[in-house]
Amino acid sequence: MLQKFPAFTGVNGPVVVIVLDGYGIPKHHVGSAIDAARKPTLERLFAECPNITLRAHGTAVGMPSDDDMGNSEVGHNALGAGQVYAQGAALVANAIAEGAIWQGEAWQQIVAGAKAGANGKAGTLHFIGLFSDGNVHSHIDHLKAMVLRAKEEGVATVRIHALLDGRDVPETSALDYVLPFEAFLKEVSGAGFDARIASGGGRQTITMDRYEANWAMVARGWRTHVLGEGPQFASAGDAVHGLRAQHPGTIDQDLPEFVIADEGKPVGTIEDGDAVVFYNFRGDRAIEITRAFVEADFTAFDRVRTPKVTYAGMLQYDGDLQLPKRFLVAPPAITDTSAEWFSKSGLAQFACSETQKFGHVTYFWNGNRSNKFEGETWQEVPSDVVPFEQRPWMKAAEITDAMIAALRSGQYRVLRCNYANGDMVGHTGHFRAATMAIEAVDLALARLLPAIDAAGGVALITADHGNADEMFELDKKTKQPALNPDGSPKAKTAHTLNPVPLILYDKVSGGRLGLQPTEHAGLSNIAATVANLLGFDKHPKWDDSLLTLK
Ligand SMILES: O=C(O)[C@@H](CO)OP(=O)(O)O
Ligand SMILES: [Mn+2]
Ligand SMILES: [Mn+2]
């Protein structure tokens, strides 16, 4: 049980944390859908409520450097745990730099598995993952290091299944990664070593679905990588050129799948006796494809053929489910999260989002655990399966309905929700849709806040990282939009490095409560702030509360 907070006996009603996913504070007006959106409720909150800014990127959320943007995994981990852990990006980079990854049993089994093969024939070592240096799900440098090490250790054949990004990196940058990498593979191949890209496709088209929003994506990825089915090209470079010509205007993340073939024969299907490394370190979009490889009684789609392979994830993606059993680098061991300690203190908790962000407010919030703590209720609102620029309101209204019902039930002392709009629509690169996304969230807040008042509660309104705050690539010097050949502004689809807001919405204390701005205030300070609002002291491991009392 948490200790009582002697300075303040707490708010009697519920304490609600509202995460506006992808809502950063813009540095420039040009290209900011946050600035352009009509948002009377948020503007009133900024004018009338205590509010400060929080760091949501770089080392403040456990990324290797302050050049790394924030993302939902590290952001929600910090929000829920109240602590900052070195995250996958940093853990893998260190394991490679120090060489510990090669000494691990998992890497040795992967190499041994590929070398042993099956039926008297050596196997192939396959790497599947996001093909960029975005450092949100993966980093291409990790892949490069593994290819070189595999060669050194005598693996004869390497095949890469490259998921094109354009979501954590510029929207049409695939060739900046594909061409140098194919040149690198050519250079290291020869004399008993043969490494090539074998298949791929846009990350929003194949393989990297999350939270079971759209299994068809994973089925399509399986057919591409494992069975070698799909449009054929001679190289990945050709594939990107060819697919762009066939699908004008399609950005990298949405490009269809491709298979590399020599004279009609795919160069890298996955067969019995092969080894497979899924080299993303982040879990949400790695879990479904991992299940397809490792689950004996898998039923989510027809795999047609299930090769017997030695499979490893870069990390273990789900500790509760032990998925997968074999992993190259141990994930951060996140313990003593706020949900665990609020549960141990006897508080009932409610968490809600739509499918696309459901795991963010549950699994990431609880330190990458898929099981609930006692007294937690989780509610998922099914997301649409459409390009989100076509439905920028997403499920903001339905999440609000669920939150209002939970507040009215009087059952919960701590509630949390995530509005996906600013982020998911921000990633599409559609400026107008992104302003509508923010407007939808503003409307939702206008409905939710009175329900918090009616319950005698308070809210902390924040975000996990920026996205809709920068919708154009800006020229580094002039700060004006970079232009496409047709003169339109070049869209920016990635997260940003901007800080996020923290607003304290409080109609119950008569103005006694405030927020302390500090130079280092970040997402990990919110758990302790919530504890204080509830009348508890923070857990000793949590970063400091930002609550001030008059
Ligand atoms: O869509 C995703 O997977 C990431 C971007 O790569 O976004 P978020 O961290 O907001 O989930
Ligand atoms: Mn996010
Ligand atoms: Mn995002």
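First, the ground rules. This is a predicted model, so local features need pLDDT of at least 70 and side-chain atom pairs count only at pLDDT 80 or more, while totals for chains, interfaces and linings use all residues. On naming, residues are numbered from 1 along each chain as its sequence is written, with chains lettered from A and ligands numbered from 1 in the order in which they are written.

OK, domains. The chain splits into domain 1, which is 15–86 + 334–549, and domain 2, which is 89–329; those bounds come from an automatic or database domain assignment. Taken over C-alpha atoms, the two centres sit 32 Å apart. Where they touch, domain 1 puts in 23 residues and domain 2 puts in 24, and contact here means C-beta atoms, placed from the backbone, within 7 Å. On the domain 1 side, the largest share is four residues from helix H13, residues 355–364. Helices and strands, by the way, are DSSP runs numbered from the N terminus: H or I with at least four residues, or E with at least two. That side of domain 1 has seven nonpolar, twelve polar and four charged residues. For the classes, Ala, Val, Leu, Ile, Met, Phe, Trp, Tyr, Cys and Pro are nonpolar, Asp, Glu, Lys and Arg are charged, and the others, Gly among them, are polar.

Now, the ligand. What surrounds ligand 1? It's Asn71, Ser72, Glu73, Val136, His137, Arg167, Asp168, Arg285 and Asp423, where being near it means a C-beta atom, placed from the backbone, within 6 Å. By class that shell is one nonpolar, three polar and five charged residues.

One "binding site" annotation covers Asp423, His427 and His495. Those span 73 residues in sequence, yet no two of their C-alpha atoms are more than 7.9 Å apart, so they gather at one spot. Asp423 itself is in helix H15, residues 421–426. UniProt also places a "binding site" at Asp21, Ser72, Asp464 and His465. They're spread over 445 residues of sequence but cluster in space, with a largest C-alpha distance of 7.8 Å. Asp21 is in the loop between E1 and helix H1 (33–36).

E1 (residues 15–20) and E15 (residues 458–462) run parallel, joined by five bridges, and Val19 stands opposite Thr462 in E15.

Last, two backbone details. Leu323 and Pro324 are joined by a cis peptide bond, omega about -10 degrees, and Pro324 is in the loop between E10 (310–315) and E11 (327–329). Asn368 has a positive phi, near 65 degrees, without being glycine, in the loop between H13 and E13.

How values were computed: Contact = placed C-beta atoms within 7 Å. Pairing = 2+ DSSP bridges. UniProt positions renumbered as here; feature names shortened; annotations may be inferred.
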